[in-house]
Amino acid sequence: MLQRYLKFSFFAFSLIIVTAIAGLKVVQSPWGQQKILDAVIQIIAVNTPFKDSKISYSQITWGGFRHPLSLSLKNFEVKFCIPTSHTDNFKDFLGENGGRFHWNSPSPSRKWGKFSIKKGQHEWGESRCTESNDAHEATLSIERLYLSWSWGGFLHKHFNPSKLIIENSNFQYQKKTIATANLTIQLHTDEKNFILHHLSLNPKNLANFTLCPDNLKEALATIHLPLKITGKLDLKKNQLSCFELNMASDGGDFTLLPYFPTIISPKDLSLSLFKNTEPNTLNLAFKTTVGMSELNTQAQLIFPESLTDLWVEGGKIEIKLLGNVTEIPFDNLATLWPVGLAPKPRHWVTTNLSHGAVKGTIKSDFVVALAPKGQISDVIIQDISGDLYPVDVTVNYLGNLPPVRGTSGHCYYTKQQLIIENIVGTVNGLHLSQGHIIIDDLHKNDQHIQIVTDLLGDVSQAFEIISAKPLLLLQKLGLSLNQPQGLMATRVLLKFPLESGLTIDQVQVEAQSHLSNAKVILEDVIAGQSINLSKGGLEIAVDNDHLYLSGEAELNAMPATLEWTENFNNVKAPFARKLSLAVKKDFKAKNEDFSPIIGEVPIELIYTKDQQNKIALSLTTSLKSARLSLPWFSYHKNEQEPASLYLEAKSTDTADELMFSHGRLTGKDLNAEIFGTWGAALSKLTLSKVRIGEMQGNFSAIRHNDRLKLEGSINEFDVFTLFNELPLVDDKPETPSQLDADIRLTIGNLIFSDSYAVKKAAFTLQLTNGNLQTINIKDKADEFNFTLTPEENGIQHFNLESTNAAELLELLTPGNDLSGGKINFVGQRRKVEGYSHLKGEIDIKGLTVHEAPTLAKILSLSSLEGIMRTLSGDGLKFDHGHAHLSWKKGEILLDNAYVIGTALGLTFTGMIVGESIHFTGEVIPFYALNNILSRIPLMGQILSGNSEHAIFSTPFALSGNRSNPNIHVQPLTTLAPGGMRRMLEIGVEKGQPHQSQAPGNEGRENFIIAS
């Protein structure tokens, strides 16, 4: 300590001696001045750390002129203590009144603590920082320092430094390198030039520096970005005339917390800061590559006039930014969007938009606010706008909705609003076009988002989207995903607050769809029943509270128009659901003679359900445009004659039950009143005052446990007319109706023909799953009885008995005149490939034939004139008839059929296929005698040719259309014994029979032969 004091004292004493010599002006020559200064410099060099330094001067002229003086130092270091508790570091550094943008002559106050200068092993000054100093030690190592002055001579008061050069300086703080630098400072009377040739630093190392405020330390600690800095600063008359600062970095990463929390790894970073022509303004140019993206940014920085006041007292730095973004990955969008700017929209966009890239421009005016002591307190966005163009971006709109992939569009934004428009892409196989996203109120705490998408594609794929959570529109619509078909063009609008954990009540949904060629199922639309639509052109509009569906389609191949309105949540609405359905059923005649209804029948249904699930419906059917023909009820209505059916029902207090309060069938000779209840468990309807033509009656229909029970009574039913209308041949398979029913009717007059009717007949029938189980028809006088037994092993047995066979046969053979007889038809019924197959035996006794045109023609061609006279007189009596019958799909077979009487016998075999008929048989005259002769032993067998019935007979054949067949007869062989005919090979097949067409009778008169 004493040694240092003596050195300092000797140095001070030497300076005093030099000053005294200069003041006396003893030496007047330059040579004398040179010698004196050399001596002084040697004294200084020996007694300071700069022993090896070089101090030079030029020729000195006395008389008040300034003379240059320079100092060149090599390889030395300066140590000093930086107090950690001092809070006015920046102010101390710039001076009390300094730091203004025009510099304004700073005057440092030198509160940096103790310091020392060391050169080799020599050290001058106090260098140690003790704990009591509350300071950290810093070291500035300089490879070379060059300093020059302008000296005003011995009579002037001070030296004026003119130039400072520092080469390869290294600044360490707490034994860690903060920066290395090369710089030059030139000072003139009116100009000051600061040139930074090189500065290398890593901002994260500044985080431990005492001068750095705490908030700035936190930000700097995340910047791992080595920087190389050059620059220039010029002052003219204490005014800043030039400022240039260039920074560059080859790589690294940084995070600008809290505003840009994403780690950024720039490459080829360059940043230029230079003076603007406007006062207090600097320009900034920023360029770098992040990933595959190139960022170009220009900005203006507007500072307050005094940097000291800004740092110590706080203030604002205004920044006007203009940037270009070239193909930045969308996943890095967070690096361009500060977390403090609209945080909720930022979270939604950066979370729900991913992949792809974006390019465009960014404009922003914002303010960096500094709190006292230079701490960053906030970033205030005054204005921001820009245009971005996303490409191949994936968008997740909401919840579990399928994402939109490969999207592109145009995004523009302001401080208040963000809009992404012209969005195109694909979602779940659908094409998305003209979509847009709007987020409003970015400058407020809470925001709402609006999303509009236009979708085009397959109905099923669109249904998958609108049925996903949280929309669940499919469930609200009541539509089924049961293989829907068609094309759908849909516009969906979503509005919801940008909050987490949204419920569907917080999402405003609007959708408008057009379905073309659609096939859909509307589930549970009408009292639990579904509606199947096809070939539909439908319009659908839906939001959170309402549904409206309208359009045209086919309902079970019928043209239909529907209008469906649904109120989801409005408890004050007059209804929860309303459906208007108009259907046109076109009844076309497949069999003109057996079509009870022909023409177009419009049906209108109006169905409503209130908020308490009470339902009401009305059904109106107009029969005006249709022709009605029910001859078995003696009823016929022409077109344009009015007739209609109207039903009105509403639900009761019992669940799933409808009460028909009003129902009426009206028209000419047409009437019925309908009332009762219809429900899931028990239903009962009453049809009273029923009138259809000449039929009158009353009915009750009861359904219990899915089985229908129909009971009632009618005054008459015309079986004769019904049988004439029914097709003879069953050429279509039965279609089960899935109906379970028990039918029990009392028929006052069961009409079989004009002259035959069964009085007070009881009719019962049972159906299970649409299959006929039992039938029984029996009259009170026991003159008619028909029974079909239940199925056993796939077979049902039937039996028909009647005391008036003639009238029943005339049902099958109209145009013949028969009387009397008893008939018994016994057989079985089974199903083969869905068709009924009847097989049985018919037995007839005591039948008289009065007129039979086909039989008369056969007798005439057979030259049996006597028998013909009997036929046209009292009639031919047949004691017995028998036949085996098989009735199956498309054909009727008769085998071993015969009818015999005293005067005549007939045998025949053949079939009816469709409209064709083919029968062969024999006419046996004088059947009683013929039969006796045929039974004579040996002779009868020879003459009859083993015939069972006769020796003499006439062969015949029927063929062609069954309504008008060709008749083939061989009259010459009538008296030829059967055995002789066979030996002479005379027969229908090889002979030349007489041919004739039967009389042109209509209907089935020629079926008499088969009967």
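## Lys 709 and Glu 711

Lys 709 is partly exposed, at 39% relative accessible area. This comes from a predicted model. The side chain of Lys 709 forms a salt bridge with the side chain of Glu 711. The N to O distance is 3.2 Å. Glu 711 has 28% relative accessibility, so Glu 711 also counts as partly exposed.

Why does Glu 711 count as partly exposed? Partly exposed covers the range between the buried limit, under 20%, and the exposed limit, over 50%. Glu 711, at 28%, therefore falls in that class.

## Arg 664 and Glu 673

Arg 664 and Glu 673 meet through their side chains in a salt bridge. Here the N to O distance is 3.0 Å. Glu 673 is partly exposed, with 24% relative accessibility. Arg 664 is partly exposed as well, with 31%.

## Lys 778 and Asp 782

Which residue pairs with Lys 778 in a salt bridge? The partner is Asp 782, and the contact is between side chains. The N to O distance is 2.6 Å. Lys 778 has a relative accessibility of 33%, so Lys 778 counts as partly exposed.

Some salt bridges share partners. They join Lys 344, Asp 446 and Glu 499 into one network.

## The overall count

How many salt bridges does the structure hold? The total is 16. Among them are the pairs Glu 673 with Arg 664, Glu 711 with Lys 709, and Lys 778 with Asp 782. Side chains of opposite charge can pair when their charged atoms come close.

Note on methods. Residues numbered from 1 in each chain as written. Predicted model: local features only at pLDDT ≥ 70, side-chain atom pairs only at ≥ 80, totals over all residues. Heavy atoms only, no water. Salt bridge = Lys/Arg side-chain N within 4 Å of Asp/Glu carboxyl O. Buried < 20%, exposed > 50% of the residue type's maximum accessible area, 1.4 Å probe, protein only.
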